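Please keep the sequence and the three-dimensional view at hand while reading.

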Amino acid sequence: MAKRGFLIPLPKSVIGFCFLLLVLNLHQQSMAADDDEDDYVEVDSSSGYDSYNGGVSEQCDTDLRSFLPPPYGNLTNVICKPIWNTFVLRYTQNEEHVMNIIVSALYTTGWVGIGFSRDGMMVGSSAMVGWVNKKGHARIHQYYLQGRKQSEVIQDKGELPLTNVPSSVVLHGATIYLAFQLKFSAMVSQQPILLAFGNAYPRHNHLSAHSDKTAVVFDFSAGSKSSAAATAGSDIGQTKKNHGVLGIIGWGLILPVGAIIPRYFRHKDPLWYYLHSVIQVVGFAIGLTTVLLGRQLYNKINANVPTHRGIGIFVLVLSILQVLAFFLRPNKEAKIRKYWNWYHHWFGRIALFFGALNIVLGIQIGGAGNEWKLGYGFLLSIILIAVIVLEALAWVKRSDKAAMNSFQMNPSP
């Protein structure tokens, strides 16, 4: 009898998923204190940090004339809207397409920023970012967000049409105010904007990683002081989270589990078949919902994510073909059954691979935090470990069965 080897053959799907683990980016950006010595704007902090009380909606009643420099403190017909978290947006827009913007937020340390985007994405947008360093010096700069790396956030570059009116940063009580003026070529109405803050001070004007952020489609043509913009921004942020969570649950958990069952539990007939069918139908429904939410996001913010969107459509088509294959399954005795099996198995594996790949792309494109990366990386690791263990047990079982058959065919004399 030949000696049993110790090399366990792994399915190609395991090798593919292992490759995905290498794609996950789990790095964290370092945070450091600001120690630059540039020219600065004086800070009004006479009210002290204790003075902040009440909700953000009450901030619209604050008299800006007492602490903001002209023209920002002297503006009339200012529209004020609580927009997200503690952020409040004030603005004016005249017939010459000149827009004054004042962004305020609760502030302790770090930086606060507002960006203008074409598609609601961070990459390619321009932002105004302000902070007050440890020495009490205020800073405000425009940044061009060329990429996601710290080196790709370029200071004093960008596409915002700033006028010659100086921008300003003022710390009044526990609230920081960023004020700047823009002149557009036409009236601004529906405009995707980005809001973010970081708890760590920039170092030499290089921004630290954001602590939280959101994307909002803001209607600058609206004249009422309602909170419609805040509601719209909240809806978009929640839709993005739902899109990501459902994608991970459907394509990252339920469908892989449904694919594991027929490979390793076929001996539990017919239980494996019913479990496989029910789980995959549930996974397909969740995956379809994920695509529909993605379509909503695309329509709302006109997101320019062709790769993520293309892979999502491709995976949806593959999953629909799998559903059709269920209804067109030939009998076991049919000659074409082996071709159906080949088609069903490989189309399923391809769909799972690209579904997992699209989850990774979505996390990267959406600028999700490290908790999303770590969470999906942990889930993917658990599934891979389970597949490896089950594959090893199946290999041992097949080897024992082969050894037993060989013993029975060649009994000892």
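Does F326 count as buried, partly exposed or exposed? At 39% relative accessibility, F326 counts as partly exposed; buried means under 20% relative accessible area, exposed over 50%, and partly exposed in between (1.4 Å probe, protein chains only). The model is predicted, so local features need pLDDT of at least 70 and side-chain atom pairs count only at pLDDT 80 or more, while totals for chains, interfaces and linings use all residues. Residues are numbered from 1 along each chain as its sequence is written, and side-chain values use heavy atoms, with hydrogens and water left out.

**Aromatic pairs and charges over rings**

- The whole structure holds 16 aromatic pairs; rings of Phe, Tyr and Trp (its six-membered ring) pair if their centres lie within 6.5 Å, and planes under 30 degrees apart count as stacked, over 60 as edge-to-face and the rest as tilted.
- One of these pairs is formed by Y273 and F326, which are stacked at 6.5 Å centre to centre with 20° between the planes.
- Y273 belongs to helix α3 (residues 271-301) and F326 to helix α4 (residues 306-327), so the pair ties together parts that are 53 residues apart in sequence. Helices (H or I, at least four residues) and strands (E, at least two) are DSSP runs, numbered from the N terminus.
- Y273 is partly exposed, at 22% relative accessibility.
- Y343 and F347 make a tilted pair, 4.6 Å centre to centre and with 50° between the planes. They are separated by about one helical turn because they stand four residues apart in helix α5 (residues 337-365).
- Y343 is partly exposed at a relative accessible area of 21%, and F347 is partly exposed at 25%.
- Y91, F116, F184, F218 and F220 are linked into a cluster by ring pairs.
- R266 lies over the face of W272, 4.3 Å from the ring centre, and R349 lies over the face of W346 at 4.8 Å. A charge sits over a ring if NZ of Lys or CZ of Arg is within 6 Å of the ring centre and within 35 degrees of the ring normal.

**Nonpolar cores**

- The largest nonpolar core has 43 residues, and those with the most contacts inside it are I83, F87, L89, I101, I193 and F220. Such a core is a set of buried Ala, Val, Leu, Ile, Met, Phe, Trp, Tyr and Cys residues joined through side-chain atoms within 4.5 Å.
- Strand β5 (residues 126-132) gives this core its largest share, five residues.
- Apart from this core lies another, of 22 residues, with L255, A356, I363 and Y376 among them.
- Beyond residues up to four places away in sequence, I193 touches I83, L89, I114, G115, F116, T214, A215, V216, F218 and F220; contact means heavy atoms within 4.5 Å.

- Q93 is found in strand β2 (residues 87-93) and counts as buried at 19% relative accessibility.
- A polar atom of the Q93 side chain lies 2.7 Å from the backbone nitrogen of V188.
- Leaving aside neighbours within four places in sequence, Q93 is in contact with V98, M99, M187, V188 and F220.
- Y144, in strand β6 (residues 138-145), is partly exposed at 21% relative accessibility.
- Y144 and S126 are 18 residues apart in sequence and 4.7 Å apart in space, C-alpha to C-alpha.

**Backbone features**

- A cis peptide bond with omega of about 5° joins P70 and P71; P71 is in the loop between α1 (12-23) and β1 (79-84).
- The peptide bond from D269 to P270 is also cis, with omega near 5°, and P270 is placed in the loop between α2 (228-264) and α3.
- H97 is not a glycine, yet has a positive phi of about 65°; H97 is found in the loop between β2 and β3 (98-106).
- N205, likewise not a glycine, has a positive phi of about 70°. N205 lies in the loop between β10 (190-198) and β11 (212-219) and is buried, with a relative accessible area of 5%.

**Annotated spans**

- UniProt (unreviewed entry) places the feature "transmembrane region" at residues 244-265, 272-298, 310-329, 350-368 and 374-396. UniProt positions are given in the numbering used here, feature names are shortened, and annotations may be inferred rather than shown by experiment.
- Residues 272-298 are 100% helix and 0% strand, with their end C-alpha atoms 38 Å apart.
- Residues 310-329 are 90% helix and 0% strand, with their end C-alpha atoms 28 Å apart.

Terms used:
A polar contact is a pair of N or O atoms within 3.5 Å; within protein, one must be able to donate a hydrogen and the other to accept it, and residues adjacent in sequence count only if both atoms are side-chain atoms.
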